[in-house]
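Me: I would like to learn how to read this model. Where should we begin?

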Amino acid sequence: MASMARGGSWWVRKMIEGDTHSTAALQPPQVTLRTFSFPQDYSAVLELWEQAGPGVHVGRSDQPEEIHKKLQRDPDLFLVAEMGGRIIGTVLGGYDGRRGIVYHLAVALAYRQDGIGALLMEELERRLQDRGCLKCYLLVTLDNQDSIHFYEKRGWQRMPLYIYGKELL
Ligand SMILES: CC(C)(COP(=O)(O)OP(=O)(O)OC[C@H]1O[C@@H](n2cnc3c(N)ncnc32)[C@H](O)[C@@H]1OP(=O)(O)O)[C@@H](O)C(=O)NCCC(=O)NCCS
């Protein structure tokens with residue numbers, strides 16, 4: 001589990017916009033990263049994905065039974081970011097013994113540009129490294145410029161490949 005006291009960004013802005021007179025307003029909210037818990041977290045996470053914009057495609061693999069199936073493998077690679085008891089970010093990772101994969105990195109709109117996406121990715125990459133994962137992949141749609149910038153700045157390299165998919169079931 002990782003946590004981070006906000007050091008001068010999100011919580012300071014909120015304090016300025018809100019009530020700065022009460023003692024409670026002086027307590028910085030903390031972002032906590034923890035492993036996704038099924039089924040308790042499912043509806044909040046689904047709502048976050050559905051509101052994340054076109055970069056997160058919610059499909060049949062996100063149905064409860066499919067998420068449950070995914071958690072039979074690598075449950076600790078599905079992370080949520082929480083602040084004040086509310087889930088505000090997610091990343092869903094996997095490892096097949098050869099490569100890692102990253103799905104559904106998403107931060108709730110009101111909490112973006114505050115380092116939470118970076119925190120989630122750092123923790124997922126650390127957990128993959130701990131397993132001995134040499135290389136990891138992720139998919140970004142061509143028009144998702146913000147995310148392309150985000151990943152490239154963090155060492156992810158575009159690969160000159162086509163991605164093929166085939167429905168098996
Ligand atoms: C992509 C996404 C997850 C990034 O999350 P995020 O929490 O906004 O990411 P971060 O805050 O860690 O980083 C974003 C930018 O904010 C900057 N930032 C970080 N902390 C900051 C702060 N305190 N103040 C201002 N900017 C800050 C970062 O430096 C970064 O900018 P940079 O890339 O120019 O350095 C988020 O934009 C999102 O949910 N997008 C929609 C879903 C999506 O498309 N997901 C990707 C699927 S492939």
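Reply: Begin with burial: a residue is buried if 20 or more other C-beta atoms lie within 10 Å of its own, exposed if 12 or fewer, and partly exposed in between, with C-beta atoms placed from the backbone. H104, with 19 C-beta neighbours inside 10 Å, is therefore partly exposed. Its phi is positive, near 50°, although H104 is not a glycine. This is a predicted model: local features need pLDDT of at least 70, side-chain atom pairs count only at pLDDT 80 or more, and totals for chains, interfaces and linings use all residues. Residues are numbered from 1 along each chain as its sequence is written.

Me: Why does D74 count as partly exposed?

Reply: D74 is placed there because 18 other C-beta atoms lie within 10 Å. D74 also has a positive phi, near 55°.

Me: Which residues touch the most other members of the largest nonpolar core?

Reply: Such a core is a set of buried Ala, Val, Leu, Ile, Met, Phe, Trp, Tyr and Cys residues joined through C-beta atoms within 7 Å. Here the largest has 27 residues, and L79, A81, V91, I116, L120 and L124 touch the most other members.

Me: How far should I trust the coordinates?

Reply: pLDDT is the predictor's confidence in each residue, from 0 to 100. Where it is low, the predicted coordinates should not be read in detail. The chain averages 88, and 83% of the residues score at least 70.

Me: Is the peptide bond from F38 to P39 cis or trans?

Reply: The bond is cis, with omega near 5°.
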